[in-house]
Structure formats: C-alpha cells, structure tokens
Amino acid sequence: MDDSTSPARRKKTPASRGRPRDLDKREAVLAAAKQLFGIDGLRGTSMHAIAEAAGVSKVTLYSHFADKDALFRECVACACASHAPPEAYMLGGDRPLRERLTLIALGFFDMITQPDALALYRLMAANPRRHRKLSQLFWEVGPESTMQRFAQLLEAATAAGELNVPDSRAAAAHFFFLVKGEHHLRLLIGLADKVGADARRAQIDNAVSMFLRAYAPAT
C-alpha cells in the first residue's frame, strides 16, 4: 500500500467556519430598528417587524442579535461611536485640549440633533412609564457611557495640569449640557427645523470656552 494515501500522510482539510455574516444585512437591521424604535418604542416594536423592514429573515436577524434589548443597545452604541472621534478621546494625545474638546462637542451636537435621535427623545418624554425600560437602556449605553468616557479624559487632563477638575463625572455632565444649549430644546419642541452652520459653530465654541474657563488650572 502506498503510504502517501495513508491517514497520516493525507493532507488535512481545514474545518469550514461558514460564511462570514453579511455586514450589509446587519446594517440594514440596525437602520430599520433605529427607525422603528423611534416610532413605537421597545415594547411596541417586534423582532418580526424589524426583520420585515430590513428585508431579512428572522433567522438572519437572530444570528446577529439575541433579542430586542441587545439590538437596541447596539443601535445606541453605534450612534455614539459614529459621532465620537477616537483621536479626541485618546489619553495623552498630541492634539491641544481645546481642539479635542471641540471635536467631541461637534460630534455630540450633530448626534443629538439628528431627526432619529430627536424622535427617540420625544418618545421617551411623551410616555415615560410606558417606555421606562427603553429609557433605562438608552441612558446606560448612551449618556452614562459617554460621560464616563469623557470623565476619564478630564482626569487625564487634570493629572497633566491642563485642567482643575475636582469631580470628573459632574464636570462631564456640565460639558455636554453646555453643548446642548438652547438649540436642542428648540428642535425638540418644534420651534426650529435645523441649526445653521454658523449657529452650530458659535454654540460649540462658546460651550468649550466656558467649560475651559470654569475648570482652568489655578495660576
């Protein structure tokens, strides 16, 4: 018997790991879910409706997300990540602090003034009892996570002598509420349809300047 055909000499075929998940379908699911959650909330949106709106099967949907909670969390996390410039959050980065804060503020302002974000805010505020779970998930993955990350940046800036921040978590809240300003509220209640480029930039520059003055290191 030719030993080239023996089990020990045969070339092993790697086990198939299956096809990679279709990223386009995943993005379609996230887009559909984001829209439906903003209209009907967590309780009023079914996984079946999301799959149908995304044009995928429920098998495909569940291969990406175990349940609605996981899907909603990912929607919020993706929205935050897409508007949070990683270079601005890098501890010990080379960018000047004002520039980093401005980048973060611009990304945050653009995120919260998007139509789908405004729709979600209105939904949670209109019926807080009905949407309590949605609001809790949103808070944990969105605002709370964002402020904790920003607080770490403030702590590093304080250690480097760039700022004097005694309470980083409180200062993080101050920063993002300064960035919101009156424009966000006017959009929420329908007194404005959009924020012009000049008004947007003025809001950001004023917020960053005020924050830096409030937490300037002692001289």
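Where does UniProt place the feature "DNA-binding region"? The unreviewed UniProt entry puts it at residues 46-65, counting from 1 along the chain as its sequence is written. What you're looking at is a predicted model, where local features need pLDDT of at least 70 and side-chain atom pairs count only at pLDDT 80 or more, while totals for chains, interfaces and linings use all residues. UniProt annotations may be inferred rather than shown by experiment. In the model, the span 46-65 is 75% helix and 0% strand, and its end C-alpha atoms lie 13 Å apart. Helices here are DSSP runs (H or I, at least four residues), as are strands (E, at least two), numbered from the N terminus.

The largest pocket holds about 510 Å³, a volume being the space filled by probe spheres set on grid points. A pocket is an open set of points on a 1 Å grid where a 1.4 Å probe fits, with protein on both sides within 12 Å along at least five of seven lines; lining residues have an atom within 4 Å of a point. Here 26 residues do the lining, and Met 111, Ile 112, Tyr 121, Phe 138 and Pro 143 lie nearest the centre. Helix H8 gives the largest share, 6 residues.

Next, charges. Side chains of opposite charge can pair when their charged atoms come close. The whole structure has 8 salt bridges (a side-chain nitrogen of Lys or Arg within 4 Å of a carboxyl oxygen of Asp or Glu). Lys 34 forms one with Asp 116, with the closest N and O atoms 3.2 Å apart. Lys 34 sits in helix H1 and Asp 116 in helix H7, so this pair ties together parts 82 residues apart in sequence.

Definitions and conventions
Side-chain values use heavy atoms; hydrogens and water are left out.
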